[in-house]
Amino acid sequence: MRPRPRPPKLHGHTYKVIVRVRSRGWLDLGELKEVVRSIIRDYDHTNLGSMTAEEIAYDIRQKVIACFPKASNVTVVVWETPESAVAI
């Protein structure tokens, strides 16, 4: 039996994510922090394929909005490098 070929070695990226939320009422910041960490954890150590920073920011934003319907304004900033970021 032949050994399985090794998958190609992937290189990683380190992104910085900032989530800003305005609410039309009380918002539990502890719950917000927990939800955002959970969303970001889904991206950690995964193959994002050809996903762009814009797509990542949009996806995170949509998930935060779904969890917090009272949020009136959600902005997600994804930093790819110290000089390059996108805000959605």
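**Close-up views of a predicted model**

**View 1. Gln62 sits in helix α2.** Helices (H or I, at least four residues) and strands (E, at least two) are DSSP runs, numbered from the N terminus. This is a predicted model, in which local features need pLDDT of at least 70, side-chain atom pairs count only at pLDDT 80 or more, and totals for chains, interfaces and linings use all residues. Residues are numbered from 1 along each chain as its sequence is written, and side-chain values use heavy atoms, with hydrogens and water left out.

**View 2. Three strands form an open sheet in the order β1-β2-β3, with antiparallel pairing.** β1 (16-23) and β3 (84-87) are at the edges with a single partner strand each, so one side of each has no neighbour in the sheet. From one strand to the next, the twist averages 15 degrees (axes are lines fitted to C-alpha atoms, for helices over the stretch in contact, and angles run from 0 to 180 degrees between N-to-C directions).

**View 3. Strand β2 (residues 71-81) pairs with β3 in the antiparallel sense over four bridges.** Two strands pair if DSSP finds at least two bridges between them. Look for Val77, which stands opposite Ala87 in β3.

**View 4. Helix α2 (residues 53-67) lies across β1, β2 and β3.** The helix runs at about 150 degrees to β2; contact means heavy atoms within 4.5 Å.
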